[in-house]
Amino acid sequence: MKHHTSLLPGIALALAIAVPAWFLGKLVPIIGGAIFAIAFGLIVGSFYRPERCVSGIKFTGKKILQYSIVLLGFELQIRTVLAVGSRSLFVMAFTVSAAFLTAFALYRLLRVNDKQAVLIGVGTCICGGSAIAATAPVIDADDRDIAQSISTIFLFNIIAVFAFPAIGRLLGLSDEGFGLWAGTAVNDTSSVVATAAAWSEVAGNNAALSLATIVKLTRTLLIIPITLALAFWTARKKGSGGGRFDFVKIFPWFVLGFVAAALVNSFGALPPALTHFLSQCGKFMIVMAMAAIGASTDVRGLVAGGRRPIILGLSCWAAVAVVSLAVQRFSGSL
């Protein structure tokens, strides 16, 4: 009980930032509530982030984000989830390859250590900080490698939320094209959802947000085979019989909640008015999570580790973004 009470100040701070961001997003949909929330969070976090708020801010940025994704499932049909998820695997095969090949090609040139290169490559092609956290113990990465890799990935998460909708409009992408692009090319789950939400607010529909969420959750599941492969690779390098791989610990369980919500909606188990309300709650919780992520960001710390990991992260990110668009173009998806 005491632990839950300690979360309240940070949750309250995120809520206080999210409410004006939500209403401003409605007034200025070309920017959107998620982007306002990150911007306000960055400003507030730079001047006011007391220690008693830290645990609640982290909880909001991670757990409430996961709950929001589950609630988004209430506006989807399970056949749509399965169809979009399976169709996106073709694009993901190319984007994952692009991230790892770029990391492998540049880590020696930039003199970035191999563990940091693996973490940045995994964070770019799968699911940002979550993939890094799951992969780090498998390859025996130390705290410095983890901190620098997460900071690098997070820097481009923030940039993506602001840049991708503008680039998408410049390229004339459709809602479906943008959703697939954001779902495959933006690093972290939170940033994918925020980026797609910003696009959908301007479009006046949820097509890009729904598609990007499904694609991202499908991409998140790749953490299992990738981590397993890295466990065997690390074990082989050491000459040991196996690497440290904990399926229960790395599995993104909130994905099952999202699928369950889509199933409930598909079979009409709840009234349409209630499922609509739940999905709207999910969208507000996304804005809360973005506020928390902004408030928890140490802008100075993002660039404190030097330019080389940032250049590697930028190169991997650019390769994934370009390859995703190219594959969609050649396959006729755009």
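At 63% relative accessibility, arginine 111 counts as exposed, because exposed means over 50%. The model is predicted. Arginine 111 sits in the loop that runs between H4 and helix H5 (114-135). Its phi is near 60°, a positive value in a residue other than glycine.

A positive phi also occurs just after H12, where glycine 268 takes a value of about 65°.

| Residue | Phi | Location |
|---|---|---|
| Glycine 268 | about 65° | just after H12 |

Helix H12 covers residues 254-266. With 13 residues at 1.5 Å a residue, H12 should span 18 Å, and its end C-alpha atoms are 18 Å apart, which agrees. The buried residues of H12 are Phe254, Val255, Phe258, Ala261, Ala262 and Asn265. They cover an arc of only 120° around the axis, so they lie on the same side of H12. These buried residues pack against helix H3 (51-72), helix H4 (78-107), helix H9 (207-220) and helix H13 (272-295).

For the chain as a whole, the secondary structure comes to 15 helices and zero strands. Of its 334 residues, 52% are buried. Among contacts with a separation of 6 or more, 82% are between residues 24 or more positions apart. The chain exposes about 15000 Å², and carbon and sulfur atoms supply 69% of that area.

Methods: Residues numbered from 1 in each chain as written. Predicted model: local features only at pLDDT ≥ 70, side-chain atom pairs only at ≥ 80, totals over all residues. Heavy atoms only, no water. Helix = DSSP H or I, 4+ residues; strand = E, 2+ residues; numbered from the N terminus. Buried < 20%, exposed > 50% of the residue type's maximum accessible area, 1.4 Å probe, protein only. Contact = heavy atoms within 4.5 Å. Areas by Shrake-Rupley, 256 points an atom, 1.4 Å probe, with all protein chains shown as cover. Expected span 1.5 Å × (residues − 1). Arc of directions from axis to C-beta.
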